[in-house]
Amino acid sequence: MMKILIIRFSSIGDIILTTPIIRRLKKQENVELHFLTKKPFASMLAANPYLHKIHVIDKNFDDDLLSSLYNENFDLLVDLHKNFRSLRLKRVLNSPSVSFSKSNFKKWLLIQWNYRPSVIRNVVDRYMDSLESLGIKDDGHGLDYFIPSQTQIKIELPLEQSFLAWCIGGSFEQKKLSVNQVAEVASNIKTNIFLLGGEDEIDQGEDIIRLCKTPQVYNLCGRLSLNQTALMIQKSELLLSNDTGLMHMGAAFKKPIISFWGCTQPSLGFAPYRGANNSTEISSRPYGRPCSKHGKSCRISPLGCIKNISSKQITAALKKYNF
C-alpha cells in the first residue's frame, strides 16, 4: 500500500482545482490518500470518496500535528501549494515529494510587460505535470465536488423554480463587479436570482435588492455554508461569477458559467477548467495584460477595471443562454 499526502492549505477555488489529482492518484492500485488543508476548507473534502483521511491545520503547525503527520510515514508528498510553509513541512516529514510549476516568472512577464513567450497553462494541467514521473495522466473528466448527503437548504426559498446563481464576492474589491453593475442587469432578468457570497457581501447584496426593486432577487450572502453554497450552484441553471472560488464550484458541476475579469485575466491560468459546460469569460480588457496576479491592485482604476464591464455585455452573454 502506497501512502500519499496531498498538501494544499487554501483556498476554495485552489482546493477544488486539486480534485482531478485526488481522483487520478486514488485510481492507482493500492493507494491510501491523505489531504492536508486549513480548517475552514476541510468541509469541502469531507464527502470526497477518494480520500482516506483529512488532516487539518489552523494558523500554524503545532507539535501534535507535525508528530501525527510524521508518524503516518508517507511514501510520497504531493505539494500543490509550494510555499515556505509546505517546504518546512516536507523537511520535517523527510519523505519523497513532487511539486508543480507556479509559472511565476511567466506571470511576471505577462503582468509587467504583456510578454507572452508561451501560454500559461491552466493550473490543473500544471498540477498533473507534477505526477508525470508516476505515469499519471489527465482522464479528461474535469473537477469534482462531492456534497455531503445531509446537506440541506433550511431557508425558505422557491427552489422548485429555475433560478440563476450570481456570486458577487471576491477576495479583493478590485475583482468584484459593483452593486450598480449587478443591479442594472438583474433588474431586467425575469428568472429568480440568488446572490451568493460571504459575510463581507451581505450589505452589498441588500443594496442590490434595494436598487433592483424586483421580488425575484434573493440575498444569500453570509447565510450558507460552503456545502450549502455548492448545493445552490448545483441546482442552478446558470452561474454568474467574479474570478473567485465559486466559479470553480460551477465548473465542477459542469454548469454554464459567465465569469467576469478585470485585474486578473484568464491568461494567468485560472479560467474555468475544461469540462465546464459552455463557459463565457467577459473581460474589461480582453486583449490587455493582467494588472496583478491575485487582483489586489489595478493599474487602470483604484476600484478595479472590472467596473468598466457594461451591462450590455453581460445582457448579451445572458441571451446566449436564453435568459
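Keep in mind as you read that the model is predicted.

Let us begin with helices. Two packed helices are described by the angle between their axes and the distance between the axes. Take helix H7, residues 179-186, and helix H8, residues 202-212: their axes come within 9 Å and cross at roughly 40°. H7 and H8 are therefore oblique to each other, and the crossing is right-handed. On the H7 side, the contact is made by Val179, Asn180, Val182, Ala183 and Ala186, while H8 brings Gln204, Asp207, Ile208, Leu211 and Cys212.

The crossing of H9 and H10 is right-handed. From H9, the residues in the contact are Leu226, Thr229, Ala230 and Ile233, and from H10 they are Leu246, Met249 and Gly250. Five residues of the contact of H9 with H10 are nonpolar, two are polar and none is charged.

Isoleucine 147 lies in the loop between H6 and E6, and its contacts, leaving aside residues up to four places away in sequence, are Ala47, Asn227, Ala230, Leu231, Gln234 and Phe253.

Next, look for aromatic rings. The model has seven aromatic pairs, counting rings whose centres lie within 6.5 Å. In one of them, the rings of phenylalanine 9 and phenylalanine 61 have centres 6.0 Å apart and planes at 70°; planes over 60 degrees apart count as edge-to-face, so this pair is edge-to-face. Phenylalanine 9 sits in the loop between strand E1 and helix H1, and phenylalanine 61 in the loop between strand E3 and helix H3, so the pair ties together parts that are 52 residues apart in sequence. Are these two residues buried or exposed? Phenylalanine 9 has a relative accessible area of 1% and is buried; phenylalanine 61 is buried too, at 11%.

Tyrosine 50 and phenylalanine 146 make another edge-to-face pair, with 6.0 Å from centre to centre and 80° between the planes. Tyrosine 50 belongs to the loop between E2 and E3, and phenylalanine 146 to the loop between H6 and E6, so this pair ties together parts that are 96 residues apart in sequence. Tyrosine 50 counts as buried at 18% relative accessibility, whereas phenylalanine 146 is partly exposed at 25%. Elsewhere, Phe163, Phe194 and Tyr218 form one aromatic cluster.

Finally, let us follow the backbone itself. A cis peptide bond joins serine 10 and serine 11, with omega about -10°; serine 11 is in the loop between E1 and H1. Asparagine 94 is not a glycine, but its phi is positive, near 55°. You will find asparagine 94 in the loop between helix H4 and strand E5, where it is exposed, with a relative accessible area of 66%. Lysine 254 also has a positive phi, about 60°, although it is not a glycine. Its place is the loop between H10 and strand E10, and at 30% relative accessibility lysine 254 counts as partly exposed.

How values were computed
Residues numbered from 1 in each chain as written. Predicted model: local features only at pLDDT ≥ 70, side-chain atom pairs only at ≥ 80, totals over all residues. Heavy atoms only, no water. Left-handed = near helix turned anticlockwise from the far one by under 90°. Helix = DSSP H or I, 4+ residues; strand = E, 2+ residues; numbered from the N terminus. Contact = heavy atoms within 4.5 Å. Nonpolar A, V, L, I, M, F, W, Y, C, P; charged D, E, K, R; others polar. Phe/Tyr/Trp six-rings, centres within 6.5 Å; stacked < 30°, edge-to-face > 60°. Buried < 20%, exposed > 50% of the residue type's maximum accessible area, 1.4 Å probe, protein only. Axes fitted to C-alpha atoms, helices over the stretch in contact; angles between N-to-C directions. Parallel < 35°, antiparallel > 145°, perpendicular 65-115°, else oblique.
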